[in-house]
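The following questions and answers examine a single protein model. Please consider the sequence and the structure together.

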Amino acid sequence: MKQLFLIIVIFWANLLIGQEAFHNYGNIQIHDGGEVGFHTDLINNGNFNQNLGLAGFYSLDDYLIIAGTNKPIFNNVEVDVLDNLYLETSMGVTNTLSFIKGKVETPREDTNISLDFINHEVYGGEGDYTHVDGYTSVISNGEFIFPIGDEDSFRPMILTNPSNGDYFKGAYFKENPNSPTIFSNSFDTSKKQLILNKINEEEFWDLDGTKETTIVLTWDLESNINVLSEKLENLTVVGWSKELNKWEDLGRQNITGDFDEGSIESKEFIPDNYEIITIGSDIFSVASELAENTENHNFGISPNGDGINDTFVVEGIELRPNNTISIYNRWGALVYSKKGYDNSWGGISDHNLTISRSKGLPSGTYFYVLNFHDENFSWHGWIYLRR
């Protein structure tokens, strides 16, 4: 109890001499069962990371700031600040966090500053006016729901299957990805895999992490999900690929809700391979609008071993393995077919009637039909083969 008493004495001493913050330059600790309420800013330049008990941040008419060179780490935390709690250095929570009033805000332009859940247990009280407006990180010990939003819009993001000890950081942006405010580049929604139809222009999330995971994204009325597709089952999670410099399909599973409110889960991916993620739709969402369930796409390949266009590639096809491809020459003879096409055709015939099949097919134009059986949908078109 002596150390807890020391905190209170220093706190009041600072107020008496006119300072507007509680400064820590030493080594202090809140013991088990202890409770400390901060009604002024906290500047931590010492050790304040071995705490038990409760640390509360309270202000009925103003904002509060946590700053300093060292990150404070608390056990249980309460936030009851009318005009929000601003983090100018990261803050850690090892047990529970209670949102009572106000948001926890981090500087979005500095992703090194975040509210960090360490061996997290539970938090409560989150909503449109009580969430983390900025970046939150977690050292995972199971499913975790990021309590994140932007201004007065709460939009959680859910890690569904992380391994224990994996580290992830995330934030939500209620912004058009074509014109983001803090990223150095834009994310053109017209630059996407052919298999994608539309990309959400109302919002996106930033998720960082080196380990493979699935993620659940959420929407509400302001997300305008109905603009993406007429059917919920045609929604998909999409990410801006750092390698391809365009939007890539991250798959879909476990879609719930309706156009007013719902969620969608991706397939597994590595977050650090993507700048941002959001919700989109694929080309199958327009199948019902076509006179026939077909769509025409033409391609070119040059299988010369240089690593560029060596095979016929349909981006995103690995997410739809229940497919069949058939390729014909200009006279209508079948030269190649495969169930579960995997972007491997490089101009070699697998038909016994083809002359010199081991040398590869000659330069020319070939016709293909690619059937996606789960969606009852087909692509067809021409492949120009150049030797």
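Q: In strand β25 (residues 262-265), which residues point the other way from Gly262 and Ile264?
A: This is a predicted model, in which local features need pLDDT of at least 70, side-chain atom pairs count only at pLDDT 80 or more, and totals for chains, interfaces and linings use all residues. Residues are numbered from 1 along each chain as its sequence is written, and side-chain values use heavy atoms, with hydrogens and water left out. Strands are DSSP runs of E of at least two residues, numbered from the N terminus, and buried means under 20% relative accessible area with a 1.4 Å probe, protein chains only. In β25, all four residues are buried, and opposite to Gly262 and Ile264 point Ser263 and Glu265.

Q: Which strands stand at the edges of the open sheet of five strands?
A: The sheet has the order β14-β17-β21-β25-β24 with antiparallel pairing, where two strands pair if DSSP finds at least two bridges between them. Each edge strand has a single partner, so one side of each is left without a neighbour in the sheet; these strands are β14 (144-146) and β24 (253-257).

Q: Which residue in β25 stands opposite glutamine 253?
A: A hairpin through four residues joins β24 to β25. The two strands run antiparallel and are joined by three bridges. Glutamine 253 faces a residue of β25, namely glutamate 265.

Q: Over how many bridges do β21 and β25 pair?
A: Leucine 217 stands opposite isoleucine 264 in β25. The pairing of β21 and β25 is antiparallel, and the number of bridges is four.

Q: What is the angle between the planes of phenylalanine 299 and phenylalanine 312?
A: The structure holds 30 aromatic pairs, counted where ring centres of Phe, Tyr or Trp (its six-membered ring) lie within 6.5 Å; planes under 30 degrees apart count as stacked, over 60 as edge-to-face and the rest as tilted. Phenylalanine 299 and phenylalanine 312 form an edge-to-face pair, 4.9 Å centre to centre, with a plane angle of 70°.

Q: Which strand gives the most to the lining of the second largest pocket?
A: A pocket is an open set of points on a 1 Å grid over the protein atoms alone, where a 1.4 Å probe fits, with protein on both sides within 12 Å along at least five of seven lines; lining residues have an atom within 4 Å of a point. The lining of the second largest pocket includes Phe299, Gly300, Ile301 and Phe312. With three residues, the strand that gives the most is β28.

Methods:
Buried means under 20% relative accessible area, exposed over 50%, partly exposed in between (1.4 Å probe, protein chains only).
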